[in-house]
Amino acid sequence: MTLAAPTHERGITTLALDSPANRNALSARLVGELSAALAACAADDSVRAVVLTHTGTTFCAGADLTAPPEPAAFVALMRQIVALPKPVVARVTGHVRAGGLGLLGACDISAAGPDATFALTESRLGLAPAVISMPLLPRIDPRAAARYYLTGERFDAAEAARISLITLAADDVDEALGPVLDGLRRASPQGLAASKELVTATVLQSFDQQAEDLTARSAALFASAEAREGMTAFLERRDPAWVL
């Protein structure tokens, strides 16, 4: 299983990434299943908002290097989250890496607990956070983006909140999200959709202007010899050839 069966409670549908064996990595199958589930939520009048969460100790480890999705399909998924006429709330209690930060950045509201860690590890694999820049760069602090894009350093939930990667860091994520979900339940469907259009306009503009270029750039990087070395080294649990 890659996506758990959706659950629904008082207008909130929860979608859980459920492939802990590979740390909920973004396979072609998972991207397809999540996209279909989001489309179903968009079409269901009983759904006021969506919570995106996970099983296991990792929210999402990024691309599944053994069965990665097409870059265009992942771009379409992120844009779908941003453009969904219903709020998408990320509930994170584990680790988030690489493309997982793209999912997180596409969400409207996000909360992470004390066990959550974050890293943009692409540069260490001979890649770059290309397509995930579309939801991330309009939202996060530019100086922090420069640091973490370039170094691949790991950081915690408090830092993620400071740089606006997430909405809030909390010791108890469910307690922290209680008022958020209550607020969404009190809002009208039309009010939510119209309000979301306002706050996502800049992010959607980023997709519309950059998707083609960044998708091509990502594909070229994945096909490069340097990236093959980086991904092989990662799978073999060794340093790549360029480490000094």
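Ser 164 counts as partly exposed, because its relative accessibility is 41% (buried is under 20% relative accessible area, exposed over 50%, partly exposed in between; 1.4 Å probe, protein chains only). The model is predicted, so local features need pLDDT of at least 70 and side-chain atom pairs count only at pLDDT 80 or more, whereas totals for chains, interfaces and linings use all residues. Residues are numbered from 1 along each chain as its sequence is written, and side-chain values use heavy atoms, with hydrogens and water left out.

Ser 164 lies in the loop between helix H6 (157-162) and strand S10 (168-169). Helices (H or I, at least four residues) and strands (E, at least two) are DSSP runs, numbered from the N terminus. Beyond neighbours within four places in sequence, Ser 164 contacts Arg 139 and Ile 140 (heavy atoms within 4.5 Å).

Helix H8 spans residues 189-222. A kink of about 65 degrees is centred on Gln 210 (the angle between axes fitted to the seven residues ending there and the seven starting there). Buried residues of H8 include Leu 192, Val 203, Phe 207 and Leu 214. Their cover includes helix H2 (71-83), strand S5 (88-92), helix H4 (133-136) and helix H7 (173-186).

The axes of H2 and H8 come within 9 Å and cross at roughly 175 degrees. H2 is therefore roughly antiparallel to H8 (angles over 145 degrees). Residues of the H2 contact with H8 comprise twelve nonpolar, three polar and three charged. Ala, Val, Leu, Ile, Met, Phe, Trp, Tyr, Cys and Pro count as nonpolar, Asp, Glu, Lys and Arg as charged, and the others, Gly among them, as polar.

Terms used:
Expected span 1.5 Å × (residues − 1). Axes fitted to C-alpha atoms, helices over the stretch in contact; angles between N-to-C directions. Parallel < 35°, antiparallel > 145°, perpendicular 65-115°, else oblique.
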